[in-house]
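User: Please take a close look at one strand and its surroundings, and then at the aromatic contacts. I would like a connected account with the cut-offs stated.

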Amino acid sequence: MARTTFNNGGMEEKKGPTFFKIIKTGFNTEDLRIPPKFRRHLLNELSNRATLNLMDSSNSSWTVDVSQTEGEIYFKNGWQKFVRDNSLGNFEFLVFRYESDMQFSIEIFDRNASKRITFPDVRTHRRAIHTQSCQSNKLKEVKEEEEDYQDNKEEEAATLHNLEGPAFTSIIGQNFYNLAVPTDFSMKYFPLGYYTIVLKNSEAREWEVSIVPNGKEDSCNTVKLSAGWAAFRRDNQINSGDTCTFKLVESRSMLVHIDPK
């Protein structure tokens with residue numbers, strides 16, 4: 001949504017001012033501070049609510065509370081849901097464009113600076129893929145992917161279980177950013193430290209995921225999947241309650257079988 005002005009009898013589209021934020025878990029995932037120099041664009045229209053719209057997606061919008069504290073402006077309640085719904089992880093990059101009347105359009109870029117073109121459909125809770133063809137800009141739901149998955153599910157499962165190697169199974173919770181590795185498996189196969197492993201799905205696509213120490217007192221000798229896990233979860237449409245089986249196929253490579261709830 002861009003502003004339109006009239007110039008010499010013609011219409012001219014005028015884009016609104018922008019600011020950017022880099023996501024950092026625990027720092028700006030609970031609330032988000034508007035940059036001080038950006039506040040001047042809002043003062044004449046400031047209200048206690050704002051609407052966040054994903055650019056290029058007409059089906060995705062969120063309402064967030066706006067709070068003023070000691071002269072600072074924050075997105076509060078509702079911002080956490082935006083973060084969760086979009087599976088935002090560390091060092092992903094957001095560009096906010098202010099349209100008017102507390103309406104913001106947002107572009108999301110992943111850690112390698114690629115613009116995200118897959119959006120959550122907040123009306124149906126299903127993913128939609130933005131098809132960037134010259135002939136059509138319509139959103140296409142991923143029914144074909146779901147049908148292919150159902151057709152190949154038994155074959156994929158057989159392939160997975162026929163592979164030799166240790167494995168563990170985890171029921172996925174609501175934490176989008178980390179996944180704890182079970183204690184026995186962690187202590188036997190994943191030494192403490194900071195390093196990267198590769199997760200593969202049933203189509204042999206690969207994602208790099210960081211291994212970091214768990215950090216909890218009762219599991220100080222174990223590790224967890226950290227940076228990169230949110231992207232793997234998002235790209236494979238893994239939801240809370242789904243079951244994932246992780247099979248170690250090499251010392252730093254795991255094949256993941258996803259069983260939706």
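Analyst: Buried denotes under 20% relative accessible area, exposed over 50%, and partly exposed the range in between (1.4 Å probe, protein chains only). Strands (E, at least two residues) and helices (H or I, at least four) are DSSP runs, numbered from the N terminus. In a regular strand the side chains alternate between the two faces of the sheet.

The model is predicted: local features need pLDDT of at least 70, side-chain atom pairs count only at pLDDT 80 or more, and totals for chains, interfaces and linings use all residues. Residues are numbered from 1 along each chain as its sequence is written, and side-chain values use heavy atoms, leaving out hydrogens and water.

β13 pairs with strand β18 (residues 243-250) in the antiparallel sense over 5 bridges; pairing requires at least two DSSP bridges between the strands. Opposite T169 stands T245 of β18.

W79 and F96 form a tilted pair, 6.2 Å centre to centre with 35 degrees between the planes. W79 lies in helix α1 (residues 79-85) and F96 in strand β8 (residues 93-100), so this pair ties together parts 17 residues apart in sequence. W79 and F96 are both buried.

Note on methods: Rings of Phe, Tyr and Trp (its six-membered ring) pair if their centres lie within 6.5 Å; planes under 30 degrees apart count as stacked, over 60 as edge-to-face and the rest as tilted.
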